[in-house]
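Look over the sequence and the model before reading on.

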Amino acid sequence: MASLANGILDDLRKGRTCNWLAENSTYTTWRDFVTSQEEQSNEPILWLQANPGTGKSTLSSYIIDTIPEHAPDAVVAYYFYRFDQSYEPVKILKFLALRLFHGYLKSLDLRNHPGRRVTENLREI
């Protein structure tokens, strides 16, 4: 799945804009925890909270793009809200579930599997 950073937010993140985050101890502790192969006993959440227009979406796009560098098999499910649109919680949950399912299918080697057509059809969704 392409990251949102490859689209709308890519223009916002010029050069080394978010690279400072890779040195932030709170972030690196969270990243190392969520990308470890060890069994995890609680749900890791990185909460970004700030005033509107301060770069939360830009930082989020950086995180989404860099997690696979630390955990190539990781499935990253995300949903960016736009302040000027209304959302139905059920639709958001369906969208996130679909992203997780796509990630699951990607983790399987289905190239020669009889259900390959199912995978190809899901890519169109």
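Where is the place of F95? F95 sits in helix α3.

## Basis of the model

This is a predicted model: local features need pLDDT of at least 70, side-chain atom pairs count only at pLDDT 80 or more, and totals for chains, interfaces and linings use all residues. Residues are numbered from 1 along each chain as its sequence is written, and side-chain values use heavy atoms, with hydrogens and water left out.

## Overall build

The protein has 4 helices and 0 strands. From the N terminus on, its elements run α-α-α-α. Helices (H or I, at least four residues) and strands (E, at least two) are DSSP runs, numbered from the N terminus.

Of the 125 residues, 24% count as buried. Buried means under 20% relative accessible area, exposed means over 50%, and partly exposed lies in between (1.4 Å probe, protein chains only). The protein exposes about 9,800 Å², and carbon and sulfur atoms supply 53% of that area. Accessible areas come from the Shrake-Rupley method with a 1.4 Å probe; for residues, only the protein chains shown count as cover.

Contact means heavy atoms within 4.5 Å. Among contacts between residues at least 6 apart in sequence, 47% join residues at least 24 apart.

## Aromatic pairs

Rings of Phe, Tyr and Trp (its six-membered ring) pair if their centres lie within 6.5 Å; planes under 30 degrees apart count as stacked, over 60 as edge-to-face and the rest as tilted. By this rule there are 5 aromatic pairs. Y78 has 12% relative accessibility, so Y78 counts as buried.

Why does the pair of Y79 and F95 count as edge-to-face? The ring centres are 5.1 Å apart and the planes stand at 75 degrees, so the pair is edge-to-face. The pair links distant parts of the chain. Y79 is in the loop between α2 (56–70) and α3 (89–107), while F95 is in helix α3, 16 residues apart. From C-alpha to C-alpha, F95 and Y79 are 7.9 Å apart in space.

Y79 counts as partly exposed because its relative accessibility is 26%. F95 is also partly exposed, at 31%. Not counting residues up to four places away in sequence, F95 touches Y78 and Y79. Y79, Y87 and F95 form one aromatic cluster.

## Charges

R99 lies over the face of Y78, at 4.3 Å from the ring centre. A charge sits over a ring if NZ of Lys or CZ of Arg is within 6 Å of the ring centre and within 35 degrees of the ring normal.

How many salt bridges does a search of the whole structure find? The search finds 2. A salt bridge is a side-chain nitrogen of Lys or Arg within 4 Å of a carboxyl oxygen of Asp or Glu. In one, D32 is joined to R31, with the closest N and O atoms 3.1 Å apart. R31 is buried, at 10% relative accessible area, whereas D32 is partly exposed, at 43%.

E88 forms a salt bridge with K91, and here the closest N and O atoms are 3.7 Å apart. E88 is partly exposed, with a relative accessible area of 48%. K91 is exposed, at 55%.

## Nonpolar patch

F101, Y104 and L108 make a nonpolar surface patch of about 280 Å². Patches are made of residues with over 30% relative accessible area and no salt bridge: like charges are joined within 9 Å, nonpolar side chains (Val, Leu, Ile, Met, Phe, Trp, Tyr) within 5 Å. F101 belongs to helix α3. F101 is partly exposed, with a relative accessible area of 38%.

## Links across the sequence

T35 lies in the loop between α1 (25–34) and α2. Is T35 buried or exposed? T35 counts as buried, because its relative accessibility is 12%. Leaving aside neighbours within four places in sequence, T35 is in contact with I67, H70 and A71. T35 and P72 are 37 residues apart in sequence and 9.0 Å apart in space, C-alpha to C-alpha.

S60 is placed in helix α2. Not counting residues up to four places away in sequence, S60 touches L48 and F80. S60 and C18 are 42 residues apart in sequence, and their C-alpha atoms are 9.6 Å apart in space.
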